[in-house]
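Visitor: Please take a close look at one part of this model, the sheet, and tell me what surrounds it. I would like one connected account.

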Protein chains: 2
Amino acid sequence: MSPRPRFLFDVGSPNAFLAHEAIPAIEKRIGVRFDYVPVLLGGIFKATNNKSPAETLAGIKNKREFQAIETERFIKRFQVAPYVWNPFFPVNTLNLMRAAVAAQFEGVFEPYVEAAFHHMWREPKKMDDPGVATEALVASGLDGVRLLARAQEGDVKATLITNTQDAVERGAFGSPTFFVGSEMFFGKEQLRDVEEMILGKQQQRRE
Amino acid sequence: MSPRPRFLFDVGSPNAFLAHEAIPAIEKRIGVRFDYVPVLLGGIFKATNNKSPAETLAGIKNKREFQAIETERFIKRFQVAPYVWNPFFPVNTLNLMRAAVAAQFEGVFEPYVEAAFHHMWREPKKMDDPGVATEALVASGLDGVRLLARAQEGDVKATLITNTQDAVERGAFGSPTFFVGSEMFFGKEQLRDVEEMILGKQQQRRE
């Protein structure tokens, strides 16, 4: 069996969205499935004293422009469509990420992740407004009312906290973060390193 | 003729040193020579309102540790020896980088760059002490007295300023920075992208 890479994601991160868009082709290419792990990016930032690039790049000449170039290169390399900037950024994703855990518990994780990313970065909405979020999820064929209610239950909240704490303990400080075994990779640019490391491990097993 | 990549460097940057160590094998592999451009990293930081990783990573959990992992991966990928941490970091490199320009004017640029990096990151010394710097350069077979005197002349100072301003105008904000034509790459991790872009351009010319 191939090692299964983990993708720690928060739907509030545009770079996590681009990674999500690039992952299916990688999965097909190397014959593995990524294990999606919902985390709260705000919680990771708080635990590590880190901040979002939107904050850390503010006021630094050239650096934000270079990140835009990196995004263009990523889009070209992985042949994905660019995101549509969410005018409500930063969107508080606490309830959305709790609902991601709820969706895991309810057996609708994959369509939920697809829908949540879609309504954040394809047809962006103010997804921290419960009414907007419910309507958007319903439009994507999900039981938005049920998922957002389930999101408020203790087991769901506890799982998101555990996922987030576990991420920090293993070395995470931002988004997107990937693991291949205990090896961590950070940033959408390192998706190619993730792919290479999996291929390397597959090669080792065959030898 | 192959496009000639540019490597903007300041000998005070350990990541520039590692890039410098990796470059000869790349040059051999793809048949190009890198054009080394002396810049003052402190000047780039000042002009862009950026800071060194040593400052920006301080107090952020996991991020510095991850940079150490990235450095280990770089060392493994490019088969170079790790640097020896300079106990006098940050070393003020104003005179060393002026002397790099002086060495260009005097026709001893390559041995100077080799020596300056060596005394910063192989056998690290307090290279912003003029006596220490002179002695170190002499030990490496250079006319340290002459180069450090030449470093104080107007044409040398002006060239370093021009190189640094030009770097900022083209998009630089840190070290190491590379250019292939007008395409910029930042960080030692992107040396592989530099190599790929050159190979792509070589391929285009052949087609």
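Guide: Chain A has 10 helices and 4 strands, where helices (H or I, at least four residues) and strands (E, at least two) are DSSP runs numbered from the N terminus. The model is predicted, so local features need pLDDT of at least 70 and side-chain atom pairs count only at pLDDT 80 or more, while totals for chains, interfaces and linings use all residues. Residues are numbered from 1 along each chain as its sequence is written, and chains are lettered from A and ligands numbered from 1 in the order in which they are written.

Along the sequence, the elements of chain A follow the pattern β-α-β-α-α-α-α-α-α-α-α-β-β-α. The 4 strands form an open sheet with mixed pairing, in the order E2-E1-E3-E4 of chain A; two strands pair if DSSP finds at least two bridges between them. At the edges stand strand E2 (35-38) and strand E4 (183-186) of chain A, each with a single partner strand, so one side of each has no neighbour in the sheet. From one strand to the next the twist averages 25°, with axes being lines fitted to C-alpha atoms (for helices over the stretch in contact) and angles running from 0 to 180 degrees between N-to-C directions.

Strand E1 (residues 6-9) and strand E3 (residues 177-180) of chain A run antiparallel and are joined by 3 bridges. In this pair, A:Leu8 stands opposite A:Thr177 of E3(A). Helix H10 (residues 191-206) of chain A packs on the sheet, where H10 touches E3 and E4 of chain A, and the direction of the helix makes about 5° with that of E3(A). Contact here means that the C-beta atoms of two residues, placed from the backbone, lie within 7 Å.

Now the chain around the sheet. Of the contacts in chain A with a separation of 6 or more, 74% are between residues 24 or more positions apart. Buried residues make up 39% of the 207 residues in chain A; a residue is buried if 20 or more other C-beta atoms lie within 10 Å of its own, exposed if 12 or fewer, and partly exposed in between, with C-beta atoms placed from the backbone. The C-alpha trace of chain A spans about 50 × 45 × 30 Å along its principal axes.

Strand E4 also has a part in the contact between the chains, seen here from chain B. The contact takes 18 residues from chain A and 17 residues from chain B. On the side of chain B that touches chain A, helix H2 (41-48), helix H4 (63-78) and strand E4 (183-186) of chain B each supply at least two residues. H4(B) gives the most to that side, with 3 residues. The residues of this side divide into 8 nonpolar, 6 polar and 3 charged; Ala, Val, Leu, Ile, Met, Phe, Trp, Tyr, Cys and Pro count as nonpolar, Asp, Glu, Lys and Arg as charged, and the others, Gly among them, as polar.

The same surface serves both copies, as 100% of the contact residues of chain B recur in chain A.
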